[in-house]
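Please look through the report below, which describes a sheet, a loop residue and the surroundings of a ligand.

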Amino acid sequence: MGDTLKVAVVGTGGWAEQHARIFSRRADTELVGVLGRDEGRTRARAERYGSRGFTDLDALLATDPDLVTVCLPNERHFEPTLALLQTGIPLLVEKPLVFELDEADRLLAEAEERDTFFAINFNHRYAEPVVRAKAALDAGELGAPVFATWRFGGEANLGESPHANLIETQCHGFDMLEHLFGPITSVAASMTKKTYGAWSTIAIALEFANDAVGTMLGSYDSSYAYEDSQRVELNGTLGRAVIHDTVRSLTLETAGDEVARVWRAGYFNDEARTFEYTFDRHVDAVLTALRAGDPPPVPARAGRRALALAMAVIESHETVRRVETFGV
Ligand SMILES: NC(=O)c1ccc[n+]([C@@H]2O[C@H](COP(=O)([O-])OP(=O)(O)OC[C@H]3O[C@@H](n4cnc5c(N)ncnc54)[C@H](O)[C@@H]3O)[C@@H](O)[C@H]2O)c1
């Protein structure tokens with residue numbers, strides 16, 4: 001691995017443009033190639049970021065990348081990721097890991113066998129309000145955790161799975177709540193498919209290992225135009241933290257005190273106010289770990305855990321009972 005890391009991006013869709021942007025603009029990486037299926041579209045994407053387009057995986061790999069990132073449609077992650085893991089090249093993949101636990105296990109086993117660096121992009125962890133809320137929690141400013149709530153909802157991202165919302169969008173919620181509050185030990189779920197036939201809105205009751213409880217409301221029947229499309233509340237015995245729209249603001253309050261402290265990005269601080277740049281921050285951490293020979297800051301196993309929690313939610317709904325999730 002030289003001073004400049006060679007990175008290749010698999011995918012040419014909307015979010016894959018963020019992958020191309022980041023690795024083409026960093027001073028310490030070179031975007032050596034972009035892989036797509038359509039030659040013209042792939043070339044256009046690659047040229048916009050000063051790189052080369054490929055429609056053949058072996059040709060892309062001939063550029064000898066130090067890291068490959070994978071950004072394909074939600075339900076098309078398994079096979080390309082497996083093929084890449086079999087080459088032993090370090091990988092950073094998009095969420096969700098996959099839609100089936102046996103596929104997740106297969107991918108993790110492949111990575112383990114070769115001791116491959118295998119990261120997943122749970123970039124919400126790197127949003128400034130989340131970083132600050134975690135620091136307040138870890139410093140004991142909120143006291144002992146008592147309850148957490150997560151609400152995330154907007155327009156539908158139609159998928160093939162009837163549980164697209166739960167698996168591909170609310171995975172960020174499972175990851176975020178465990179990142180902030182620790183392991184979830186059980187789930188009890190209600191869901192509706194009244195709008196278009198898929199389970200588009202779900203309500204989940206949670207229990208945590210630290211004896212706190214929580215709720216998640218995840219919806220594809222709402223709008224990202226609404227304020228607080230995403231809202232996370234962390235309530236402790238001494239105070240609470242409320243994260244608004246991931247990057248928009250953080251409110252910290254002390255119980256009994258009518259004056260709150262609010263973080264908002266300052267006038268020139270576009271970096272912290274911009275959702276896309278949570279991914280840039282995560283990439284900083286990924287590359288630092290990769291160069292140091294350390295494990296990824298957010299290992300692909302976190303994607304398997306989010307999927308296992310989603311599966312428990314489905315089981316809870318189907319069996320009309322609470323399902324234990326400790327260590328699943
Ligand atoms: N981490 C985040 O904050 C975040 C944000 C948005 C999207 N995402 C994730 O990024 C991924 C891509 O999302 P998107 O919105 O860009 O999707 P998209 O549908 O816009 O793009 C997918 C692209 O992949 C192409 N494609 C399909 N099959 C392919 C194959 N086998 N080989 C190569 N290309 C193929 C499609 O033609 C399309 O251009 C999803 O997993 C999504 O969940 C993550």
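## The sheet

V7 stands opposite L31 in strand 2. Strand 1 (residues 5-10) pairs with strand 2 (residues 29-35) in the parallel sense over 6 bridges, where pairing requires that DSSP finds at least two bridges between two strands. Strands (E, at least two residues) and helices (H or I, at least four) are DSSP runs, numbered from the N terminus. This is a predicted model, in which local features need pLDDT of at least 70 and side-chain atom pairs count only at pLDDT 80 or more, while totals for chains, interfaces and linings use all residues. Residues are numbered from 1 along each chain as its sequence is written.

The open sheet is formed by 6 strands in the order 3-2-1-4-5-6, with parallel pairing. Because strand 3 (53-54) and strand 6 (118-120) are at the edges with a single partner strand each, one side of each is left without a neighbour in the sheet.

## A proline in a loop

Between helix 10 (277-292) and helix 11 (301-319) there is a loop that contains P297. P297 is partly exposed, because 18 other C-beta atoms lie within 10 Å; with C-beta atoms placed from the backbone, 20 or more would count as buried and 12 or fewer as exposed. Apart from its neighbours within four places in sequence, P297 is in contact with A285, V286 and A289, contact meaning C-beta atoms, placed from the backbone, within 7 Å.

## Around the ligand

Of the 19 residues around the ligand, G13, G14, W15, P73 and E94 come nearest, where a residue counts as near if its C-beta atom, placed from the backbone, lies within 6 Å.

How values were computed: Contact = placed C-beta atoms within 7 Å.
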